[in-house]
Amino acid sequence: MIDFKEEVLKHKDEMLKDLKDLCLIPSTLDESTAKENQPFGENNRKALDLMLSIGQRDGFVTDDCDGYAGSIDIGEGEECFGILGHLDVVPTEGQEWDYPEYDMTLDGDTLYGRGVADDKGPLIAAYYAAKIVNELDFEKKMKVRIIFGCNEENGSRCMHYYFQHRPYPKMGFTPDADFPVVYGEKGNCHFIIKGKTDDDKVISIHSGRVVNIVPDQAKAVLKGTDYEESYNAFLKENNFKGSLEVVDGNTHLFLKGKSAHASQPQLGNNAASNLCHYIASV
């Protein structure tokens, strides 16, 4: 009988090294550096190249789909079992981290760093699982194709493009959810609210950078300077953290919340909506 845990532990150091190298690349969407063969920016291209090089290092067949996504074929067979992950991550700006954001830190039994849970860590784990199974001496019915995109966090344009140019696997799963399996996924709705107001006291409100994360910081600029007492009372009453600054006769309000994935907003505290509640009250 095969002891799979023992087989995995043989590769532990190598696997953690590959994950660390991937996490050191801040592979967020950057359209300012987008061009041919790197449609999602320079760092996503670097992450894609690194993942492809890992497969090449281990002697597997790799495929670069015009910089949108890539794949590594492990094993033999006409049919393939697909494992779909992604290399892009959401930004870390403004968040408070106890460890370096773009790195991989092992503390006890826990890994820290942007991407270790979503989705570089699960992708590397799935890659090594397929690699280990391929090394073991028993019959396999199909090859495994590890497929990795570079735009999951901003709409999955990577996968739309990939499957317009590459065939679908016969079956598969994604290591980008709760273990061991998820049978469905919540839908989402993106909408834009436009309108006018007769009250010109609100100069601006800014909060959030991506649509799938509850914003943990918000800022507003209001005309006038008579907000300090009411804002401090609002912060105290709701046990919020924030600050106020008067600049050139206008009041700058800052509010902190707690980030969370938009699929579970109840785990966060939306700084944007909380600040809007205060503004509405005055």
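This is a predicted model: local features need pLDDT of at least 70, side-chain atom pairs count only at pLDDT 80 or more; totals for chains, interfaces and linings use all residues.
Residues are numbered from 1 along each chain as its sequence is written, and side-chain values use heavy atoms, with hydrogens and water left out.

Cys-65 stands opposite Ala-69 in E2, and the hairpin formed by E1 and E2 has three residues between the strands, with Asp-66 in the turn showing a positive phi of about 60 degrees.

I then traced the whole open sheet of five strands, which has the order E1-E2-E6-E3-E7 and mixed pairing. Its edge strands are E1 (61-65) and E7 (171-173), each of which pairs on one side only, and the twist averages 20 degrees from one strand to the next. For angles I noted that axes are lines fitted to C-alpha atoms, for helices over the stretch in contact, and that angles run from 0 to 180 degrees between N-to-C directions.

Helix H4 (residues 120-135) lies across E2, E3 (80-86) and E6 (143-149), running at about 165 degrees to E6. Helix H5 (residues 157-165) packs on the sheet and touches E1, E2, E3 and E6, its direction making about 135 degrees with that of E6.

**Entry: H2 and H3**

I found that the axes of helix H2 (residues 12-23) and helix H3 (residues 42-57) come within 10 Å and cross at roughly 155 degrees. H2 and H3 are therefore roughly antiparallel to each other, since angles under 35 degrees count as roughly parallel, over 145 as roughly antiparallel, 65 to 115 as roughly perpendicular and the rest as oblique.

In the contact, Glu-14, Asp-18, Asp-21 and Leu-22 of H2 meet Ala-47, Leu-50, Met-51, Ile-54 and Arg-57 of H3.

**Entry: an aromatic pair**

I looked at Phe-60 and Tyr-127, an edge-to-face aromatic pair at 6.2 Å centre to centre with 80 degrees between the planes; rings of Phe, Tyr and Trp (its six-membered ring) pair if their centres lie within 6.5 Å, and planes under 30 degrees apart count as stacked, over 60 as edge-to-face and the rest as tilted. Phe-60 lies in the loop between H3 and E1 and Tyr-127 in helix H4, so the pair ties together parts that are 67 residues apart in sequence.

**Entry: the four-stranded sheet**

I turned to an open sheet of four strands, which has the order E8-E9-E11-E10 with antiparallel pairing. E8 (202-207) and E10 (241-247) are the edge strands, each pairing on one side only. E10 and E11 (residues 250-256) run antiparallel and are joined by seven bridges, and Ser-243 stands opposite Phe-254 in E11. H6 packs on this sheet, touching E10 and E11, and its direction makes about 170 degrees with that of E10. H7 lies across E8, E9 (217-223) and E11, running at about 25 degrees to E9.

Definitions and conventions. Two strands pair if DSSP finds at least two bridges between them. Helices (H or I, at least four residues) and strands (E, at least two) are DSSP runs, numbered from the N terminus. Contact means heavy atoms within 4.5 Å.
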